[in-house]
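Hi,

Here is the structure I promised to pass on. My notes on its aromatic rings follow below.

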Amino acid sequence: MAGYNHGARVLEKPTSAVAPINGTAGLQVVFGTAPVNLADDPYGVTNIPVLCYTWAEAVSKMGYSDDYEKYTLCASMYASFQLFRVAPVIFVNVLDPNTHKKTNTAQDVDVESLQAVVRLEGILPGSVDVKKLDGSGDDVTETALAVNTDYVLSFDDDGYLVITLTASGAGAAATKLRVASNSIDPSAVTMNDVIGVSAAGGEKGMEALRQVYPRFGLTPGLLLAPGWSHLPDVGVALAAKCVEINGVFSCEAFVDIDSRDTGCTAYANVKTAKENAGCTSKHVMALWPCITVGSRKFWYSAIMGALTAYTDASNDDVPNLSPSNKLLGITGTVLAGAVYDAASGTWSKEVFLDQTQGNAVNSYGVTTAINNNGWRSWGNNTAAYPSTTDPKDRWFCCRRFFSWWGNSFILTYAQRVDDPASRQLIESIVDAENIRGNAYVAMGKCADAYIEFDETENTVQTLLNGQIRFHQHLAPFTPAEDILNTLEFDPDALATALNGG
């Protein structure tokens with residue numbers, strides 16, 4: 001008899017979601033498209049930065065779909081909140097439901113238990129018009145129904161619209177409904193929407209980056225546009241956005257090297273593909289190929305952005321560690337055109353690089369992934385390598401340390417701007433920065449960090465012009481990329497052992 005219990009028993013409760021760790025040194029700002037029809041406010045999340053701290057918050061604000069090719073922001077959403085559990089992330093959706101939309105053919109759907117499901121993707125709830133159908137053939141009559149009176153709207157786990165009739169409404173006895181609607185159209189979004197090119201004016205796409213600091217008081221750490229950055233125009237635009245953010249801040253970006261069938265399909269061609277894409281910025285890490293996690297496929301930038309943010313957050317929120325040789329938690333690498341076979345659980349167009357081949361890709365200034373007791377990120381160079389060997393611009397972790405320190409200095413001493421240019425002001429800044437630098441040296445975050453006020457750089461004329469100039473020396477550790485142990489046979493030791501000495 002159901003509900004009658006006799007004896008000892010247990011009940012297992014699903015494990016609570018692990019809270020993400022927070023860090024802002026590697027704050028990701030991700031540009032792309034989202035299924036905003038599923039969002040709480042479909043028309044209020046276009047071309048504006050949206051700050052999210054949890055998976056649930058991201059899903060409610062942006063909507064979510066497993067179709068990462070259509071909805072590119074969802075790849076970073078999943079990588080950050082589900083794979084690496086790191087927060088926060090800022091998303092900039094460029095899909096505008098007012099313009100990137102299409103009109104659907106009216107659908108006749110059956111009603112079962114007061115519910116009807118419209119199996120079309122991307123339906124905008126505000127565009128839905130529902131009519132009850134009575135009769136059959138040429139004698140069908142239509143009766144308009146009112147939302148929130150005769151029915152309510154929701155979405156199922158597949159993103160399909162669910163119409164639930166109210167028991168007291170005019171459609172309570174209906175067996176069939178006719179539903180007219182509009183859907184968002186991600187195929188109408190172009191790279192210009194992502195870049196922010198607009199004849200109509202206004203800040204769109206990457207131009208919305210300017211709003212991040214004024215809105216949230218946070219400085220961008222990592223820029224990415226998975227699903228778009230493999231297009232050279234987008235990659236170049238991302239690199240340009242890394243400097244002079246709000247006129248003063250800087251950051252780094254991840255750019256994918258195109259691994260589609262029309263792009264780079266072999267590791268030996270990565271150098272040419274990178275050069276043809278104009279990917280040479282010291283603020284960029286270039287990535288090749290794509291990543292798989294089970295049946296999901298990601299552009300590498302979505303995974304690397306989350307990994308780097310996680311590495312920072314786990315390191316006292318200091319970006320001195322290289323994201324190279326870190327376990328990715330993935331299942332493989334593939335070309336962008338790979339297709340998943342659900343029956344066999346395998347991907348086509350898989351890529352298996354060994355360490356030698358991975359090193360060749362690194363020599364072009366591109367990061368890849370290799371399987372070395374688990375899939376690992378592999379590469380330390382910025383895209384400026386091999387054109388530059390300056391350690392602060394060649395090594396990605398050193399470049400990020402310089403950008404982060406500079407941003408921190410600006411944020412810390414902006415409040416002292418327009419104070420009297422006195423000896424007390426100068427000494428307070430020098431003392432505070434050197435205390436800070438010594439603390440990071442003691443923690444092993446860098447080899448040295450100290451600041452000077454050099455009188456030769458501060459002439460009477462510069463002081464009269466209201467300018468105070470400091471000189472800061474930073475020495476972040478370079479990555480131990482090449483560890484060499486020379487092995488030598490010792491014949492004397494052998495002779496000694498054999499002669500009993």
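**Rings and charges**

The charged end of Arg436 sits over the ring of Trp405, 4.0 Å from the ring centre; the criterion is NZ of Lys or CZ of Arg within 6 Å of the ring centre and within 35 degrees of the ring normal. Before you read on: this is a predicted model, where local features need pLDDT of at least 70 and side-chain atom pairs count only at pLDDT 80 or more, while totals for chains, interfaces and linings use all residues. Residues are numbered from 1 along each chain as its sequence is written, and side-chain values use heavy atoms, leaving out hydrogens and water.

Across the whole structure, a search finds 18 aromatic pairs (rings of Phe, Tyr and Trp, the last by its six-membered ring, with centres within 6.5 Å; planes under 30 degrees apart are stacked, over 60 edge-to-face, the rest tilted). One of them is Phe84 with Tyr310, a tilted pair at 6.2 Å centre to centre and 45 degrees between the planes. Phe84 is in the loop between helix 2 (73-83) and strand 4 (86-87) and Tyr310 is in helix 7 (residues 300-313), so this pair ties together parts 226 residues apart in sequence. Helices (H or I, at least four residues) and strands (E, at least two) are DSSP runs numbered from the N terminus.

Phe84 is buried at 9% relative accessibility, whereas Tyr310, at 35%, is partly exposed (buried is under 20% relative accessible area, exposed over 50%, partly exposed in between; 1.4 Å probe, protein chains only).

Best wishes
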